[in-house]
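Hi,

Here's the model I said I'd pass along.

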Amino acid sequence: MMHGHGTRGLRGSAHKTIGMPGLNEPERRPGNQGRPHEPAQQSATKVFRDLKIAVIAERDPDGERLIRELQRLHCAVHHEWPMPPQIPSIFDVVFCVFAPDLPQRLPWIPGDPASTLIVIDPGYGQLDLKPLNNCAPHAVLHYPVTGRSMQVILAVARSHFLYERRLRLRIDKLDENLRTMRSVERAKSLLIRLKNVSEEEAYNYLRRQAMERRVTIGAVANAVIDSFELLG
């Protein structure tokens, strides 16, 4: 879980480094102030461009700042307040202010998240960690928001979401392979018993049928099993 930081830590890091020109900091020419930061800003804009983002928070100064920073990155921002009974799952990313009943408003809990979830901590009131953990957010953004902290949290949260999705796809694929192996083994056993063939001959029969019918060997194995169960 990634946490945001206030403006104090960011401003405190803006100090001047004294050293040899060209070694400690990039050379700056007249009229070229701020240019070393442009590639990073362009890169962030490219990464987040056209992301569909929902901001579910009060449109106070902090909420306005968050929306402006997201729009600067060319995100498609949708604002909604008050918080709906069910958090929409049609967006790539959802920024949502924390509430004790937020887990009950997330349609994918329990289950796999449909969107990248970033919970907003407004910085006031009691913070109950149990419902926060039950939300399983990919990151937490603390007010007051800054452009830098928002970009970092958005990047990390999105990365976590996509990584989890890749893992789930791999797990689903492994589960499918395991089910196929079990079906093939059972179908082979049936063929060995019913057709009085060897294990190798039974497997070759399944594979040949799959190639002729242009289906997976698992589909052929399931058809053999279904036929046997149908005939009793």
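Of the 232 residues in the protein chain, 35% are buried (under 20% relative accessible area, with exposed meaning over 50% and partly exposed in between; 1.4 Å probe, protein chains only). The accessible surface is about 15300 Å², and carbon and sulfur atoms own 53% of that (Shrake-Rupley method, 1.4 Å probe; for residues, only the protein chains shown count as cover).

Before you dig in: this is a predicted model, so local features need pLDDT of at least 70 and side-chain atom pairs count only at pLDDT 80 or more, while totals for chains, interfaces and linings use all residues. Numbering runs from 1 along each chain as its sequence is written, and side-chain values use heavy atoms, with hydrogens and water left out.

On the fold, you'll find eight helices and six strands (DSSP runs numbered from the N terminus: H or I of at least four residues for helices, E of at least two for strands). Along the sequence they go β-α-α-β-α-β-β-α-β-α-β-α-α-α. Among contacts (heavy atoms within 4.5 Å) with a separation of 6 or more, 56% link residues 24 or more positions apart.

Now the helix packing. α6 (residues 147–195) meets α8 (residues 217–231) at about 50°, with the axes 8 Å apart (axes are lines fitted to C-alpha atoms, for helices over the stretch in contact; angles run from 0 to 180 degrees between N-to-C directions). That makes the pair oblique (under 35 degrees is roughly parallel, over 145 roughly antiparallel, 65 to 115 roughly perpendicular, the rest oblique). The crossing is left-handed (near helix turned anticlockwise from the far one by less than a right angle; clockwise is right-handed). Residues in this contact include V184, L190 and L191 of α6 and I225 and F228 of α8. By class, the contact has ten nonpolar, four polar and three charged residues (nonpolar: Ala, Val, Leu, Ile, Met, Phe, Trp, Tyr, Cys and Pro; charged: Asp, Glu, Lys and Arg; polar: the others, Gly among them).

α7 (residues 199–213) also packs on α8, at about 115° and with axes 8 Å apart, so these two are roughly perpendicular. Their crossing is right-handed. Y203, L206, R207, Q209 and A210 of α7 touch I217, V220, A221 and V224 of α8, giving seven nonpolar, one polar and one charged residues.

G147 counts as buried because its relative accessibility is 13%. Leaving out residues up to four places away in sequence, G147 touches R65 and E69. E69 is 78 residues from G147 in sequence, yet their C-alpha atoms are 5.9 Å apart.

Cheers
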